[in-house]
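Subject: Structure for you to look at

Hello,

Here is the structure I promised to send over. Please open it alongside this note; my findings follow below.

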Amino acid sequence: MSQENKNAKNSNVIQSIISKTQLPCDLLKGQFRLELRGNCELYACGCKKILEYSQENILLMAERFNLRILGENLTCASFHCRGIVIEGKIQEIGLESEK
């Protein structure tokens, strides 16, 4: 089976799962996803690594951009499988182009 046929078959399987389960398409396609829970918890899926880390500033590398979180008493509660949970008083979130 050629690579194009494999990719088409995988795409069809993903579309079928999305329609049957009603899951968000970004979740199954591996795209970046950001969830903000109030101003005290942030979940980002699709992060490659932590570039900067302090209690006031966290910079994360995603696929096509960097995500900067500014605030007070910021901590990385967990970092696994390209997902990260940031806790603390989140005051600002910004996207930056990769340098």
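Predicted model: local features only at pLDDT ≥ 70, side-chain atom pairs only at ≥ 80, totals over all residues.

I93 sits in strand β6, which spans residues 83-97. I93 counts as partly exposed because its relative accessibility is 32%, and the cut-off for buried is under 20%.

Now the inside. The largest nonpolar core has 11 residues. They are L42, A44, C47, I58, L60, L67, I69, L74, I84, I86 and I90. Four strands each supply at least two residues of this core: β2 (41-45), β4 (57-61), β5 (65-80) and β6. In soluble globular proteins, nonpolar side chains tend to be buried together.

I84 is worth a click. Neighbours within four places in sequence aside, I84 is in contact with L42, Y43, A44, C47, I50, L60, C76, S78 and F79. Among these, L42, A44, C47 and L60 also belong to the core.

Next, the cysteines. How many disulfides does a search of the whole structure find? The count is 0. C76 is in no disulfide. The nearest cysteine sulfur to that of C76 belongs to C47, 9.4 Å away. A disulfide needs the two sulfur atoms within 2.5 Å.

Are C76 and C40 buried, partly exposed or exposed? C76 has 24% relative accessibility, so C76 counts as partly exposed. C40 has 46%, so C40 is partly exposed too.

Best wishes

Definitions and conventions
Residues numbered from 1 in each chain as written. Heavy atoms only, no water. Buried < 20%, exposed > 50% of the residue type's maximum accessible area, 1.4 Å probe, protein only. Core = buried A, V, L, I, M, F, W, Y, C linked by side-chain atoms within 4.5 Å. Contact = heavy atoms within 4.5 Å.
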